[in-house]
Amino acid sequence: VTDSDNHLIRKISSEGVVTTLAGSGSIGSADGEGLTASFNVPMDVAVDKSGNVYVADHTNQLIRKITSEGVVTTLAGSGQVGSADGTGRAASFNNPLSIAVDINGNVYVGDGSNYLIRKITSDGVVTTLAGSGSAGSSDGKGTEASFSSPWSVAVDDTGNVYVADPTNHLIRKITSDGVVTTIAGSGSAGSADGEGTEASFNGPSGITL
């Protein structure tokens, strides 16, 4: 759980026992183990097959990694607002809102205020998977496509990324090579069931597979 306003990452056992995995409870960006680490409004988490937890550390503009033992490191991000691709601290984000991880350990980020979907390898290499960097709703490949504050991401076993695009009232799909299509939603607020663009949503903000 991202316990956002407590600036903590919590863990709940299957029996409902809640513990703090990482975070001091005070705003900060320190790496470290358990309570010595700090976050600033963490917004989303994802877990890989080895039990590592990845955090979209929203207000710090960072992507963090927590081992199953609670050791926190910064996977990517300079800590300053930006949109640079690069490795580790050379990359930058602008209000990362959501995060997902695939079976190969690649991390995907809904980079909200950049209107981008970013990809991070397990070595911390950040690239832009899709998005023009300006708000819009265009389908297309890579930078030809556009989003409007992509709020949530999920990834399937073959590397397709799905995006809840709330301001556009759309659900989008991105292939592993960056081709974006709209799989559902008319683009106008509504609640209609139906196929593809016959259906409508009103600010879809969460997605899973």
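Reader: Is G23 buried or exposed in this model?
Author: The model is predicted, and G23 lies in the loop between strand 3 (18–22) and strand 4 (32–33). A residue counts as buried when its relative accessible area is under 20%. G23 has 1% relative accessibility, so the residue counts as buried.

Reader: Which residues is G23 in contact with, leaving aside its neighbours within four places in sequence?
Author: Contact here means heavy atoms within 4.5 Å. With neighbours within four places in sequence set aside, the contacts of G23 are H7, L8, G34, L35, A37 and F39.

Reader: What separates the C-alpha atoms of G23 and A91?
Author: Along the chain, G23 and A91 are 68 residues apart.

Reader: How many helices and strands does the protein chain have?
Author: Helices need at least four residues and strands at least two. Counted this way, the protein chain has zero helices and 18 strands.

Reader: What is the radius of gyration of the protein chain, and why does it agree with a compact globule?
Author: The C-alpha atoms fill a box of roughly 50 × 40 × 30 Å along the principal axes. A compact globule with 209 residues would have a radius of gyration near 17 Å, so the chain agrees with this, its own value being 17 Å.

Reader: How much of the protein chain counts as buried?
Author: The cut-off for buried is under 20% relative accessible area. Of the 209 residues of the protein chain, the share that counts as buried is 50%.

Technical notes
Residues are numbered from 1 along each chain as its sequence is written. This is a predicted model: local features need pLDDT of at least 70, side-chain atom pairs count only at pLDDT 80 or more; totals for chains, interfaces and linings use all residues. Side-chain values use heavy atoms; hydrogens and water are left out. The radius of gyration is taken over C-alpha atoms; the globule rule is 2.2 Å times the number of residues to the power 0.38. Buried means under 20% relative accessible area, exposed over 50%, partly exposed in between (1.4 Å probe, protein chains only).
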